Amino acid sequence: MALHKGPAKSDEHPSTVNPFYGAANPVDGMTEAPPQHRLPDGPLAPSTAYQLVHDELMLDGNSRLNLATFVTTWMEPQADILLGECRDKNMIDKDEYPRTAELERRCVAMLADLWNAPDPAAAVGCSTTGSSEACMLAGMALKRRWAERNADRYPGARPNLVMGVNVQVCWDKFCNFWEVEARQVPMEGDRFHLDPRAAAELCDENTIGVVGVLGSTFDGSYEPVAELCAALDELQERTGLDIPVHVDGASGAMVAPFVDEDLVWDFRLPRVASINTSGHKYGLVYPGVGWALWRSPAELPEELVFRVNYLGGDMPTFALNFSRPGAQVVAQYYTFLRLGREGYRAVQQTTRDVAMGLAERIGALDEFRLLTRGDQLPVFAFTTAPDVTAFDVFDVSRRMRERGWLLPAYTFPANREDLSVLRVVCRNGFSSDLTQLFLEDLRRLLPELRCQSRPLTRDKEAATGFHH
């Protein structure tokens with residue numbers, strides 16, 4: 001048996017352990033709940049802090065039953081492990097985390113190839129926190145390119161951006177924040193998105209670009225990007241105005257390439273300068289990642305790209321944010337690698353089949369009328385039938401929430417404020433079994449709704465959590 005001597009000198013030293021390792025105050029009997037709006041005076045045991053937070057979050061809705069959100073609510077356990085392994089990596093630290101930066105670069109290259117860039121190796125792009133940031137970056141590039149072309153008139157002239165009234169609110173924010181006039185094509189009749197010719201008519205010498213939406217959040221329909229480009233081609237022939245197009249493919253850019261391969265909407269159209277998508281929507285990754293790509297370096301002005309000597313490395317960046325987790329970028333690469341084209345095609349086709357099947361069964365109910373059928377985005381909208389007067393869509397939304405379903409009800413924008421609808425977003429993980437449960441709950445509440453003397457929802461603005 002080995003003999004050991006004591007230390008040659010005292011091993012006493014100042015404590016440097018993480019304070020979290022220490023026990024909470026042992027005499028604190030937790031007879032009073034900790035404050036909610038100021039820091040507690042002392043620490044709590046980790047199990048106590050966890051339980052307090054966990055219990056309060058039980059009152060949140062179930063994300064898997066949230067039919068309002070486009071955001072991914074299910075991933076494989078292996079993806080969860082990778083997310084956990086990378087959640088402490090800062091995406092901006094490309095010199096410290098070169099492999100994470102390399103996975104980001106590969107994702108951009110894969111998307112450039114998927115979206116038919118003329119030269120995928122020459123296309124430029126970046127990851128973002130989501131499509132909202134990606135749209136802001138694309139809008140900035142459009143404005144800067146317009147300003148360069150009109151240096152003799154700008155900043156005196158006011159730039160404008162043409163889009164449908166159905167665009168996501170981030171475009172309104174862009175126009176507000178960057179002082180661009182928003183010119184919006186209103187809805188008309190059963191057309192719930194942009195009309196190409198109406199959009200072209202709104203363009204002039206101060207138009208920085210036109211936004212086409214591949215998958216409107218209002219009803220799931222694709223805007224006709226090819227027809228939009230053709231209308232702008234005609235405009236250029238008549239007037240000489242060369243107006244670029246940005247495709248907001250937040251959802252559809254990760255659906256159409258796999259299940260609508262013959263649809264021409266992407267970089268195959270020479271007028272399409274840039275495209276964005278949400279990796280955390282139909283890219284099948286948890287919230288926190290989007291992508292912005294430009295056809296070539298010419299579409300992204302070099303002066304917008306910052307080259308920073310940060311922590312020992314030369315780092316070109318184009319972003320509104322700085323520090324953000326690299327985990328979602330890793331998860332995106334994992335999903336690309338895991339599924340490939342055939343895997344994405346299977347997932348998106350299955351999701352569309354689920355949406356179309358559920359839409360068909362709801363359309364068969366006498367109480368409802370379908371607006372769309374889920375045959376573009378796996379999303380559809382429906383409203384009450386003309387002869388239904390006892391209840392409205394807001395009553396349906398409120399009653400379905402009682403069963404745990406988060407079903408958004410909302411009113412359409414300009415020129416169709418008379419139309420209020422319910423919308424169902426089908427995502428991977430929303431299975432046929434869940435649609436059957438949804439349909440059973442919907443059918444179960446209809447007899448009670450029919451017995452109402454009138455719709456009960458007074459404040460329609462507060463009737464649903466959905467705000468486009």
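Colleague: In which helix is Glu 102 found?

Modeller: Glu 102 is found in helix H3, which covers residues 98–114; helices here are DSSP runs of H or I with at least four residues, strands are runs of E with at least two, and both are numbered from the N terminus. The model is a predicted one, in which local features need pLDDT of at least 70 and side-chain atom pairs count only at pLDDT 80 or more, while totals for chains, interfaces and linings use all residues. Residues are numbered from 1 along each chain as its sequence is written, and side-chain values use heavy atoms, with hydrogens and water left out.

Glu 102 has a relative accessible area of 17%, so it counts as buried. That word applies under 20% relative accessible area, exposed applies over 50%, and partly exposed lies in between, with a 1.4 Å probe and protein chains only. The side chain of Glu 102 makes a polar contact with the side chain of Arg 105 at 2.8 Å. A polar contact is a pair of N or O atoms within 3.5 Å; within protein, one must be able to donate a hydrogen and the other to accept it, and residues adjacent in sequence count only if both atoms are side-chain atoms.

Charged pairs deserve attention next. Side chains of opposite charge can pair when their charged atoms come close. A salt bridge is a side-chain nitrogen of Lys or Arg within 4 Å of a carboxyl oxygen of Asp or Glu, and this rule gives a count of 22. One of them joins Asp 260 to Arg 352, at 2.6 Å from N to O. This pair links distant parts of the chain, 92 residues apart: Asp 260 is in the loop between helix H8 (256–259) and strand E6 (272–278), and Arg 352 is in helix H9 (residues 327–363). Both partners count as buried, because the relative accessibility is 17% for Asp 260 and 7% for Arg 352.

A further salt bridge pairs Asp 395 with Arg 398, whose closest N and O atoms are 2.7 Å apart. Asp 395 is buried, at 0% relative accessibility, whereas Arg 398 is partly exposed, at 32%. The two residues lie in helix H10 (residues 393–402), three residues apart, or about one turn of the helix.

H4 is mostly covered, with 15 of its 19 residues buried.

Glu 303, in the loop between strand E7 (290–294) and strand E8 (306–310), is partly exposed, at 42% relative accessibility. Leaving aside neighbours within four places in sequence, Glu 303 is in contact, meaning heavy atoms within 4.5 Å, with Arg 144 and Glu 148. Glu 303 and Ala 141 are 162 residues apart in sequence, yet their C-alpha atoms are 9.9 Å apart in space.

As for the whole, the chain has 11 helices and 13 strands, and 51% of its 468 residues count as buried. Among contacts with a separation of 6 or more, 71% involve residues 24 or more positions apart.
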